[in-house]
Amino acid sequence: MQTKPFRIGTRGSPLALAQTHETRDRLAAAHRLPPEMFEIVVLSTKGDRITDRSLAEIGGKGLFTEELEQQLLSGELDFAVHSSKDMPTKLPDGLTLSAFLPREDVRDAFVGRTAAKLVGLPHGATVGSSSLRRQALIRRLRPDIHVITYRGQVETRLRKLAEGQVDGTLLAYAGLKRLGMTDVPTELLDPEEFPPAPAQGAICVESRIGDDRVDALLAAIDDARTHEAVSCERGFLATLDGSCKTPIAGYAISDGTHVRFSGMILTPDGTRCHRIEVEGKAADATELGQRAGEDIRTKAGPGFFESWT
């Protein structure tokens with residue numbers, strides 16, 4: 001019988017805290033435990049502290065997880081809650097993604113100041129985004145638009161927009177929904193035309209391999225279809241790069257038996273892209289994503305990545 005609270009690690013942004021509270025509430029309900037049995041531990045990460053440069057410049061996605069993972073490995077935390085799309089494809093030895101909550105809306109949201117729609121922006125407008133995928137897709141749709149690196153928490157980016165630093169920005173709609181800010185977007189982008197990042201919209205829980213007590217706890221909130229879909233997307237990402245240095249999009253849907261996956265790779269200027277669509281057994285989701293990554297790399301040819309990296 002657990003007598004002391006489980007310690008849940010999280011970043012301190014409003015979105016990270018909203019995701020962690022949702023996880024805690026689901027755990028408390030699933031196990032009929034009081035919320036006090038889950039202590040939320042807030043840590044600051046390098047990715048939160050360094051906001052004036054792109055992730056590719058300062059080390060990639062691991063900057064949002066390093067401090068949390070150190071405390072997981074030392075036993076100071078029992079598990080940690082993350083945005084799945086922020087997770088590197090290679091985790092530290094001894095750690096695993098144990099559970100995924102039911103996925104939210106995967107679409108990107110455009111928030112415009114001078115036009116309601118991305119394609120309606122005036123010629124030469126400025127859009128802020130730190131995502132290489134979003135930057136490449138914007139340039140593909142509107143080569144005339146000036147795209148600048150634009151990082152920070154949701155609230156920071158919206159404040160910069162209101163101050164007139166940019167004409168528009170893009171945010172994950174899932175995050176806005178979790179923050180109760182569904183009135184903020186001026187346009188929701190079609191995922192066929194503007195495909196999401198792999199794992200976008202999914203909350204994951206990271207824990208130590210072999211911690212049976214925590215495994216049993218988290219199994220109760222693991223959404224199998226989300227787990228399968230995100231595993232496929234992460235397999236695709238891992239095969240191609242997944243280090244925030246490559247514009248990669250991918251989205252899978254699982255019905256519990258089969259997984260359908262659609263992926264895209266682009267050059268940073270958006271002028272060239274390749275797509276792939278595959279489907280297979282849900283039980284083989286990770287391998288399906290890996291094969292899709294290998295196939296699209298072959299389709300793109302040996303010079304696709306090397307031409308600009």
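User: Which residues does Phe-236 touch?

Analyst: Phe-236 touches Ile-248, Ala-249, Phe-261, Gly-263, Met-264, Ile-276, Gly-289, Gln-290, Ala-292, Gly-293 and Ile-296, leaving aside residues up to four places away in sequence. Contact means heavy atoms within 4.5 Å. Please keep in mind that this is a predicted model, where local features need pLDDT of at least 70 and side-chain atom pairs count only at pLDDT 80 or more, while totals for chains, interfaces and linings use all residues. Residues are numbered from 1 along each chain as its sequence is written, and side-chain values use heavy atoms, without hydrogens and water.

User: What makes a group of residues a nonpolar core?

Analyst: The residues must be buried Ala, Val, Leu, Ile, Met, Phe, Trp, Tyr or Cys, joined through side-chain atoms within 4.5 Å. The largest such core has 19 residues, and Phe-236 is one of those with the most contacts inside it. A second, separate core of 18 residues includes Phe-110.

User: Why is β5 called largely enclosed?

Analyst: Buried means under 20% relative accessible area (exposed is over 50%, partly exposed in between; 1.4 Å probe, protein chains only). In strand β5 (residues 108-112), 5 of the 5 residues are buried, so the rest of the structure largely encloses this strand. A strand here is a DSSP run of E with at least two residues, numbered from the N terminus.

User: How do you know that β5 pairs with β8?

Analyst: Pairing takes at least two bridges found by DSSP. β5 and β8 (residues 168-172) are joined by 5 bridges and run antiparallel, so they pair by that rule. Within β8, Leu-170 is the bridge partner of Phe-110.

Methods: Helix = DSSP H or I, 4+ residues; strand = E, 2+ residues; numbered from the N terminus.
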